[in-house]
Every structure is written in structure tokens, then in C-alpha cells.
Amino acid sequence: MTDFIQGMIRAPFWAALRHRNFRLFYCGQMISLIGFWMQNMALSWVVLELTNSAFLLGLVTFVQFVPNLAFSLFAGVIADRVPRRPLIIITQMMFMLLAVILTALSFTGLLQYWHIVLLSALMGLFQALDIPARQSFLVQMVGREDLTNAIALNSTMFNTARVVGPALGGIVLAYLSATTCFLLNAVSFLFVILGLLAMKGVPGSPVAERKDMLGQIKDGLVYIWSTLEVRIPMALLASLSISALNFGVLIPVFAKNVLHQGPDGFGLLVSSLGLGSLAGALCLIVFGRRKHQVKFLWGGAAGIIVFQLLLGQMQLYWPSALLLVGSGWSMVSLSASVNSLIQMQVPDCLRGRVMGVYSLSFIGLSSLGGMFAGAVARWFGPSAAFTCGGLLALLATMVLAKGWRSRKAKAI
């Protein structure tokens with residue numbers, strides 16, 4: 001059995017798992033992310049029960065991601081200046097502390113909407129530090145040779161948790177309580193922290209040239225702007241994050257007001273999105289060699305547009321779940337291919353800053369999109385919000401695809 005497992009790890013599809021440190025990271029993060037998705041879906045449902053407002057749910061998403069919007073560029077500099085593993089350990093400990101506070105407030109019956117807003121803002125602040133550090137840390141665990149595979153496996157881990165977490169969260173929420181979801185999330189952070197502490201022989205982080213912080217940010221932005229293979233994928237991700245990747249805001253309202261579902265039906269819809277994302281990540285593992293990354297990039301963007309527009313016209317539960325499977329596949333194809341294309345290009349000394357911009361594009365700007373989607377859903381309904389987002393995404397993708405084709409043609 002041991003020989004079989006070792007043989008599986010040596011297979012090219014799982015090449016990054018040859019590295020002990022990455023295996024520790026992978027297992028710990030998997031457990032932690034399942035807890036995160038349980039808490040995330042339970043918190044969305046609690047906000048709806050407290051407020052019955054799509055706009056106020058969108059506001060929670062906004063305040064969680066607005067620190068990312070404000071501080072990601074500075075966080076990228078920090079990820080290039082300080083050792084990344086200790087930084088990640090600190091952020092994970094802060095996430096665990098916030099989950100403990102949320103659990104205590106919920107258990108005592110004191111939890112109010114303003115508590116959720118405040119805790120979400122603090123969570124967003126630590127996420128702004130955690131994401132560029134964590135993304136930049138991958139190359140230190142596996143090296144450049146297995147980096148593309150590590151990114152694909154990382155996406156698989158994230159999206160497996162997105163399937164399992166909401167499904168478990170829906171069951172726990174329906175039969176136990178939201179408090180139990182929050183508690184399980186707090187406990188789950190122990191696994192990733194212990195995994196990080198158990199790592200051995202981690203290469204040191206490259207030391208960036210010591211300039212003032214604004215000068216270092218400028219160096220990262222100049223690199224992105226001057227590199228076509230980084231600039232256009234980053235702009236595509238940013239555009240669709242604002243216009244179309246607002247599922248966290250729209251799915252709860254869509255489930256409750258259009259499909260007339262309870263917590264279990266809502267959890268299954270979120271799991272459907274995660275199932276599609278997992279399928280997309282597995283496709284990237286098997287077919288996502290570097291020469292195919294551009295196909296996944298534009299195919300993912302096209303899929304997001306099509307499925308958003310179809311969701312805007314749908315009022316049946318199971319067809320909606322299938323469309324969310326397709327949306328999840330498209331979303332991870334886009335985000336993971338952007339991640340791979342960028343990380344294979346960027347010099348190590350700029351990696352933290354460039355991944356800070358990636359975090360801003362994927363996470364930070366979605367806070368603006370979440371506010372926009374929540375406002376449209378409030379005044380015109382979630383179906384209109386899906387349709388509007390799909391149309392805006394179509395416009396942005398057409399403009400950027402034209403720029404990609406023209407610049408590549410000039411290069412030839």
C-alpha cells in the first residue's frame with residue numbers, strides 16, 4: 001500500500017506532493033478551508049435572518065474585502081520583505097481568534113449585525129496580508145519546476161473544500177446551529193498552524209531591494225504594465241471580479257427569494273458552485289500544461305459570461321444548480337490560469353508585490369462588485385443582477401480579447 005501511495009505521488013499529475021512541506025501545507029489547508037466554507041455559508045444565512053436584506057449582505061462582503069482593496073499593494077511589499085512562513089502563521093492565528101470571538105457571541109445570543117460587520121472587516125485585514133504571502137510561499141515549498149502543478153493542486157484543495165464545506169455547513173446549520181459551524185471553523189485552524197510549524201528546510205524568502213514602500217509598489221506595477229502576458233490576464237481577472245464573480249452575495253438571495261429554498265437547499269447550491277470549481281481544478285491538473293493555460297484563460301471568461309446570463313433567466317432549482325456547476329468550472333479555470341501565467345513569468349524578488357495585485361484583482365475588487373450586485377438585487381432582484389453582471393463581463397472580455405490579439409499579432 002505504501003509503494004502504491006508513493007507511486008501515485010510521483011505521478012506527474014501530483015508532482016508537487018513529492019515535497020513534504022507542500023504535503024503538510026496541503027492537508028492542513030484542506031481542513032481549515034472546509035471550516036472556513038462552513039462558517040461562510042452559515043454567516044450568510046445568519047445575516048439574511050437578521051436583516052432580510054440583500055444589500056446588507058452585500059455590505060458584509062464589501063467590508064470583508066475592502067481591506068484587501070486598500071492594503072493589498074502594501075501587503076505585497078511586506079510579503080517580499082519578511083519571511084513568509086512566520087507571516088502566514090500569524091495570519092492563521094488571527095483568523096482562529098476571530099472565529100473564537102464569533103463563536104462566543106453566537107453561543108451567548110449576543111451576536112448582532114454590527115458584530116458581523118466588524119469581524120468581517122478584521123478578517124479582511126488579515127486576508128490582505130495572508131493571500132500574497134501564501135501565494136508567494138508556494139514556490140518556496142516546491143520550486144519552479146513543480147510550481148504550475150502546485151497552483152493547480154492548490155485550486156483543487158480550495159474547491160474540494162468549497163464542495164464539502166457548504167454541504168456539511170448546510171447539514172450542521174439545519175440540524176444543530178450556526179454556532180457549531182463557527183466553532184468547527186475555529187478548531188480547523190489548528191491543523192494548518194501545526195502543519196506550518198512542522199515544516200523543515202524551507203528556503204528563505206528572496207530579499208527585495210530596499211526602497212521606500214511606495215517605490216517598491218511602483219516597481220511591481222511597472223513590471224505588470226510592461227509585461228503583456230501579465231497585464232492582460234490581470235486586467236481580465238479584475239474586470240470579471242467586479243462584474244460577474246459575485247456569487248457570495250447573489251446565491252443566498254437567489255436561493256431564498258427566487259428558488260424558495262431553506263439552509264439545506266442554499267448549502268447545496270454553494271456546493272454546486274464548488275463542485276464545478278473542483279472539476280475545473282482537476283482539468284487544470286490533467287490538461288493545464290503551460291501551453292494550454294491561455295485556452296483555459298479565455299475559455300473560463302467565456303463560460304462565466306454564458307452561465308451568468310443563463311442564471312439570470314432561471315427560476316428552477318436543479319437547472320440552477322447545474323448552471324452553478326458550470327460557473328464554478330469557469331471561475332477556477334480563469335483564476336488559476338491567471339495565477340499560473342503570472343507566477344511562471346514574475347521574478348522571485350517581485351513575486352509578493354505582483355501577487356498582491358493578483359489578490360487585489362481577484363478578491364479586493366470583488367468587494368466593489370459585491371456592493372453593486374447587492375444593490376441591483378435589492379432594487380431589481382437577483383435575476384437582474386446576474387444578467388447585468390454577465391453583460392458587463394461580456395463587454396470587458398471583448399475589449400481585452402481584442403487587445404490581446406492585436407498585441408500578440410504585433411509581437412509576431
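**Ground rules.** I work with a predicted model, where local features need pLDDT of at least 70, side-chain atom pairs count only at pLDDT 80 or more, and totals for chains, interfaces and linings use all residues. Residues are numbered from 1 along each chain as its sequence is written, and side-chain values use heavy atoms, with hydrogens and water left out.

**Overall fold.** I looked up the secondary structure and found 15 helices and 0 strands (DSSP runs numbered from the N terminus: H or I of at least four residues for helices, E of at least two for strands). The radius of gyration is 20 Å, close to the 22 Å that the globule rule gives for 412 residues, so the protein is as compact as a globular protein of that length. That radius is taken over C-alpha atoms, and the rule is 2.2 Å times the number of residues to the power 0.38. Along the principal axes, the C-alpha atoms fill a box of roughly 50 × 50 × 50 Å. I note that 59% of the 412 residues count as buried (under 20% relative accessible area, 1.4 Å probe, protein chains only).

**Helices α10 and α11.** Next I checked α10 (residues 247-258) against α11 (residues 263-287). They pack at an angle of about 140°, with axes 9 Å apart. Axes are lines fitted to C-alpha atoms over the stretch in contact, and angles run from 0 to 180 degrees between N-to-C directions. Phe247, Ile251, Pro252 and Ala255 of α10 make the contact with Phe266, Leu269, Val270 and Leu273 of α11 (heavy atoms within 4.5 Å). By class I list 8 nonpolar, no polar and no charged residues (nonpolar: Ala, Val, Leu, Ile, Met, Phe, Trp, Tyr, Cys and Pro; charged: Asp, Glu, Lys and Arg; polar: the others, Gly among them).

**Helices α9 and α13.** I then turned to α9 (residues 228-243) and α13 (residues 317-343). Their axes come within 9 Å and cross at roughly 155°. These helices are therefore roughly antiparallel. Glu229, Val230, Pro233, Met234, Leu236, Leu237 and Leu240 in α9 meet Leu334, Ser335, Val338, Leu341 and Ile342 in α13. This contact has 10 nonpolar, 1 polar and 1 charged residues.

**Ser44.** Last, I looked up Ser44, in helix α2 (residues 20-51). Ser44 counts as buried because its relative accessibility is 11%. Leaving out residues up to four places away in sequence, Ser44 touches Leu57, Gly248, Pro252 and Phe266.

Terms used:
Buried < 20%, exposed > 50% of the residue type's maximum accessible area, 1.4 Å probe, protein only. Parallel < 35°, antiparallel > 145°, perpendicular 65-115°, else oblique.
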